Amino acid sequence: MHPQDNPSQWRRGQGLWANVPAAQWNDWHWQLQNRVLTLEHLEQHLELTPEERAGCEHAKDKLAVAITPHFFNLIDRDDPTCPIRLQVIPRGGELMVSPEERLDPVGEETHMPVPGLVHRYPDRVLFLVTDRCAAYCRYCTRSRLVSNAQNYDFHPEFEAGLKYIAEHPEVRDVLLSGGDPLLLADNKLDYLLGRLRAIPHVEFIRIGSRIPVFLPQRITPALCEILKKHGPIWMSIHTNHPRECTWELKEACDRLSFAGVPLGNQSVLLRGVNDDAETMKSLVHRLLQMRVRPYYLYQCDLITGSAHFRTDPRVGVEIIRALRGHTTGYAVPQFVIDAPGGGGKVPLNPNYVKEYTENEIVLRNFAGELYNYPLPASAEVLK
Ligand SMILES: *Cc1c(COP(=O)(O)O)cnc(C)c1O
Ligand code: SF4
């Protein structure tokens with residue numbers, strides 16, 4: 001067990017929050033109201049490096065700083081390279097913009113028939129329902145619109161989005177994202193899910209949310225009732241490092257699972273956070289223990305000021321190679337690059353085919369050994 005699994009050690013007891021009563025700590029409104037939002041507030045909690053201070057000074061024009069006390073307490077305050085810290089505290093690297101970087105790295109704006117609705121794939125849409133998150137990830141693909149630091153003036157248009165979906169019978173799958181949809185008030189979410197369920201061709205509804213990780217207290221019984229009522233609602237949570245798998249997250253996942261919400265996980269491959277096989281293996285094992293199926297591992301998008309986070313995609317492929325066959329198949333996510341400019345998600349896999357001969361395929365298994373599988377005599381070679 002990781003020390004973070006021990007609730008008595010981690011639930012409250014650190015720094016300026018040491019004396020907060022449990023009833024407040026466990027209240028999601030308190031967690032939101034007490035987020036760390038400013039440089040001054042950050043410095044009350046830990047000693048920033050000069051690089052972090054430089055990053056914080058420019059955050060207000062790029063992507064606001066916000067960290068919930070719950071997530072903040074996972075930071076190792078004595079370690080400037082702490083993988084939790086790197087995700088939420090700005091660094092000077094954010095100010096360095098490389099030529100290949102974009103404000104809209106995966107070309108969402110060009111696939112938006114209605115503000116806040118991205119229709120890129122034939123049968124499904126991405127519906128951005130808010131520009132707010134409980135905390136902000138420094139590598140966020142949607143930094144242009146979340147937190148509203150860049151004056152992007154994003155106003156999700158619920159009615160226009162719902163109308164578009166209703167008028168497009170090919171849309172059978174709606175992915176609610178943002179921002180974080182679970183920041184919407186219960187009644188608003190209830191209304192939105194009800195409206196979507198009333199559209200006969202919408203078969204599949206899912207929510208992408210980092211709230212279970214940043215603000216597990218938000219996963220209240222009342223919220224779970226709403227998800228159950230409109231179910232099945234699927235959910236993708238977003239963890240990057242095993243230390244995020246706290247007791248509180250586990251309890252939140254239990255509540256969701258018992259309300260009939262199938263859970264997946266999306267991770268972003270981040271330099272210094274999770275770009276090694278051992279860390280990822282530990283993460284995916286913990287996810288399975290919480291009934292969460294690892295879904296995608298993303299190559300970090302070319303968002304402006306992200307060079308310090310990005311790795312060589314071959315690192316991701318090698319991580320998958322280290323998992324496949326070496327551990328539970330359910331634990332292995334699909335590694336993808338969201339193609340720059342709007343090509344969508346492209347899977348990257350280790351190559352297990354050594355070659356095709358005239359009548360055999362030569363396979364390399366997880367241990368590197370070669371095996372032959374004979375091709376059917378009548379096989380027509382696919383062009
Ligand atoms: C990721 C994404 C989806 C969902 O893709 P799946 O592979 O079905 O999870 C849908 N629309 C957009 C624009 C996306 O980026
Ligand atoms: S929770 Fe998601 S949308 Fe919000 S800042 Fe993080 S990556 Fe971006």
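This section describes the overall form of a predicted model and then a set of individual residues in it.

The chain contains 14 helices and 12 strands. Its radius of gyration is 22 Å, close to the 21 Å that the globule rule gives for 383 residues, so the chain is as compact as a globular protein of that length. The C-alpha trace spans about 75 × 50 × 45 Å along its principal axes. Buried residues make up 53% of the 383 in the chain. Among contacts with a separation of 6 or more, 74% are between residues 24 or more positions apart.

The accessible surface amounts to about 17200 Å², and carbon and sulfur atoms contribute 54% of that area.

Confidence was examined along the chain. The mean pLDDT is 94, and 95% of the residues reach 70 or more. Residues 1-11 stay under 50, and for this segment the model has 20 contacts beyond four places in sequence. Where pLDDT is low, the predicted coordinates should not be read in detail.

The loop between strand E3 (173-177) and helix H9 (186-197) holds Asp 180, and Gly 179 is found in the loop between E3 and H9 as well. The peptide bond from Gly 178 to Gly 179 is cis, with omega near 20°. Asp 180 has a relative accessible area of 3%, below the 20% limit, and therefore counts as buried. Leaving aside residues up to four places away in sequence, Asp 180 touches Thr 130, Arg 132 and Cys 133, together with Gly 208, Ser 209, Arg 210 and Ile 211.

Pro 232 is located in the loop between helix H11 (221-229) and strand E5 (233-238).

Backbone phi angles were considered next. Most residues other than glycine have a negative phi, and most peptide bonds are trans. Asn 148 is not a glycine, yet its phi is positive, at about 60°. Asn 148 belongs to the loop between strand E2 (124-128) and helix H8 (158-167). The relative accessibility of Asn 148 is 27%, so this residue counts as partly exposed. Arg 291, likewise not a glycine, has a positive phi of about 65°. The loop that contains Arg 291 lies between helix H13 (277-289) and strand E7 (292-299). Arg 291 is partly exposed, with a relative accessible area of 45%.

Glu 278 is part of helix H13. Its relative accessible area is 68%, over the 50% limit, and Glu 278 is therefore classed as exposed. Glu 278 and Leu 323 are 45 residues apart in sequence, while their C-alpha atoms are 9.3 Å apart in space.

Methods:
Residues numbered from 1 in each chain as written. Chains lettered and ligands numbered in written order. Predicted model: local features only at pLDDT ≥ 70, side-chain atom pairs only at ≥ 80, totals over all residues. Heavy atoms only, no water. Helix = DSSP H or I, 4+ residues; strand = E, 2+ residues; numbered from the N terminus. Rg over C-alpha atoms; globule rule 2.2 N^0.38 Å. Buried < 20%, exposed > 50% of the residue type's maximum accessible area, 1.4 Å probe, protein only. Contact = heavy atoms within 4.5 Å. Areas by Shrake-Rupley, 256 points an atom, 1.4 Å probe, with all protein chains shown as cover. pLDDT = per-residue confidence, 0-100.
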